[in-house]
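Then follow the stops below in order.

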Amino acid sequence: MKIGFTLPHLHTQAHQIDKAAYFAREAENAGADSLWVGDRNFAAVNPKVGAGGFGNTIPVEYNTPADPFVVLGVAAAVTERVKLGTHVLIAPLYPPVQLARSLTSIDLVSGGRLIPGFGIGWSPEEYEATGLDFATRGARLNELLDALEILWTQDPAEYHGRLIDLPLHHSPLKPAQRPRPPIYLGGSAETALRRIGRRGDGWLPLCIVPTFVSVEMMRAQRAVIDEAAREAGRDPAAIDTILRVNVDRGVPAGQIADAVKSIGEQTGVDHFLIELTYLADTAEAALDVVHDLMPRIERG
């Protein structure tokens with residue numbers, strides 16, 4: 001079983017990103033298999049849509065986001081073994097060339113340890129702030145995946161779609177991973193799940209311990225992914241899964257470890273990301289959680 005943790009980058013931990021290098025080194029030394037960042041550009045004061053696409057409220061933890069590329073780059077520079085992932089970047093918000101450049105740089109600094117995870121987001125205001133149409137975010141992600149494939153594998157490179165248009169340009173700098181880093185996709189709607197089956201190298205689902213863990217739902221969602229993969233002529237078994245575990249405040253480490261082991265046994269998932277934003281207010285406290293959790297899970 002592989003266990004990953006979020007780097008300090010959200011809420012009160014965002015004010016301690018100067019501890020990101022220390023956290024990354026210590027978490028790797030403690031046996032962590034992966035380190036992760038999420039992505040929020042900002043939290044609207046009067047949101048049209050709430051967190052996760054439900055209601056009209058956004059948790060205070062989303063109010064203070066640090067730059068995910070900077071934090072992940074810092075972790076890449078001071079670690080040697082852990083995978084480095086994004087769960088998830090709101091990819092359609094970023095210009096394709098700049099997104100490819102940032103991720104390529106992180107993959108090169110880390111020696112090929114990047115796991116880029118993408119989603120389409122749920123905040124209309126984040127799209128409004130970048131001048132993009134919220135309604136076309138799924139179509140934009142589809143074109144973005146096409147553009148990244150070209151940017152990461154061709155030189156010169158160009159892409160001409162309905163929403164994204166890139167003129168022919170020199171593109172010699174490529175990621176360390178060839179032909180490109182594996183792209184993981186998040187999402188739970190049928191359209192998103194079918195996109196994963198057709199195009200994703202991996203799936204990034206989510207659960208909340210202890211309030212929202214549904215193995216039956218995960219199995220049903222995975223069945224949609226597998227069906228879409230077969231229809232596209234792909235092997236469903238080649239699509240990896242990394243499960244993000246959000247944890248309600250106050251849940252003890254033993255309960256988290258038991259939940260992870262139980263979910264793994266029931267689903268076959270063997271890589272988990274523990275979200276530390278809700279569990280600790282400081283980078284030091286987050287490291288305490290890492291040191292507490294790792295031996296508990298390894299003993300299973």
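**Stop 1: the largest pocket**

The model is predicted, so keep that in mind throughout. Start by selecting Gly52, Trp122, Gly187, Ser188 and Leu206. Among the 46 residues that line the largest pocket, these lie nearest its centre. The pocket holds about 1,300 Å³ of space. Now colour the elements that give two or more residues to its lining: α5 (137–153), α6, β10 (202–204), β11 (206–209), α7 (215–231) and β13 (243–247). By class, the lining has 25 nonpolar, 14 polar and seven charged residues.

**Stop 2: the largest cavity**

For the largest cavity, select Phe118, Gly119, Leu141, Leu185, Gly186, Ala192, Arg195 and Ile196, which line it. β6 (117–119), β9 (184–186) and α6 (190–199) are the elements that give two or more residues to this lining. Which element gives the largest share? It is α6, with three residues. The space inside is about 40 Å³. Five nonpolar, two polar and one charged residues make up the lining.

**Stop 3: the second largest cavity**

Clear the selection. Pick Thr6, His9, Leu10, Trp36, Val37, Gly38, His87, Arg244, Leu273 and Glu275, the lining of the second largest cavity. About 30 Å³ of space lies here. This lining has four nonpolar, four polar and two charged residues.

Stay with one of these residues, His9. His9 sits in the loop between β1 (2–6) and α1 (20–29). Is His9 buried or exposed? His9 counts as buried, because its relative accessibility is 1%. Now find the backbone nitrogen of Gly38. It lies 2.8 Å from a polar atom of the His9 side chain. Gly38 and His9 are both listed in the lining of the second largest cavity.

**Stop 4: His11**

Move along to His11, in the loop between β1 and α1. Check its backbone angles. Phi is near 55°, a positive value in a residue other than glycine. Most residues other than glycine have a negative phi. His11 counts as buried, at 15% relative accessibility.

**Stop 5: aromatic pairs**

Turn to the rings. The model has three aromatic pairs. Select Phe69 and Tyr94 for one of them. This pair is edge-to-face, with 5.4 Å centre to centre and 90° between the planes. What does the pair tie together? Phe69 lies in helix α2 (residues 68–78) and Tyr94 in the loop between β4 (89–90) and α3 (96–110), so the pair ties together parts that are 25 residues apart in sequence. Phe69 counts as buried, at 16% relative accessibility. Tyr94 counts as buried too, at 17%.

Now select Tyr127 and Phe134. Their ring centres are 5.5 Å apart and their planes stand at 75°, so this pair is edge-to-face. Tyr127 is buried, with 1% relative accessibility. Phe134 is partly exposed, at 22% relative accessible area.

**Stop 6: arginines over rings**

Arg137 lies over the face of the Phe134 ring, 3.8 Å from the ring centre. Arg40 lies over the face of Tyr62, at 5.5 Å from the ring centre.

**Stop 7: cis peptide bonds**

Switch to the backbone. Most peptide bonds are trans. Select Asp155 and Pro156, which a cis peptide bond joins, with omega about -5°. Pro156 is in the loop between α5 and β7. Next, select Val209 and Pro210. A cis peptide bond joins these residues as well, with omega about 0°. Pro210 is in the loop between β11 and α7.

**Stop 8: Gly161**

Finish at Gly161, in the loop between β7 (157–160) and β8 (165–169). Gly161 counts as partly exposed, at 27% relative accessibility. How far apart in space are Gly161 and Pro92? They are 14 Å apart in space and 69 residues apart in sequence.

Definitions and conventions: Residues numbered from 1 in each chain as written. Predicted model: local features only at pLDDT ≥ 70, side-chain atom pairs only at ≥ 80, totals over all residues. Heavy atoms only, no water. 1 Å grid on protein atoms, 1.4 Å probe; cavity = no way out; pocket = protein on both sides within 12 Å on 5 of 7 lines; lining within 4 Å. Points joined across faces, edges and corners; volume = space filled by probe spheres on them. Helix = DSSP H or I, 4+ residues; strand = E, 2+ residues; numbered from the N terminus. Nonpolar A, V, L, I, M, F, W, Y, C, P; charged D, E, K, R; others polar. Phe/Tyr/Trp six-rings, centres within 6.5 Å; stacked < 30°, edge-to-face > 60°. Buried < 20%, exposed > 50% of the residue type's maximum accessible area, 1.4 Å probe, protein only. Lys NZ or Arg CZ within 6 Å of the ring centre and 35° of its normal. Polar contact = N/O pair within 3.5 Å; in protein donor to acceptor, adjacent residues only side chain to side chain.
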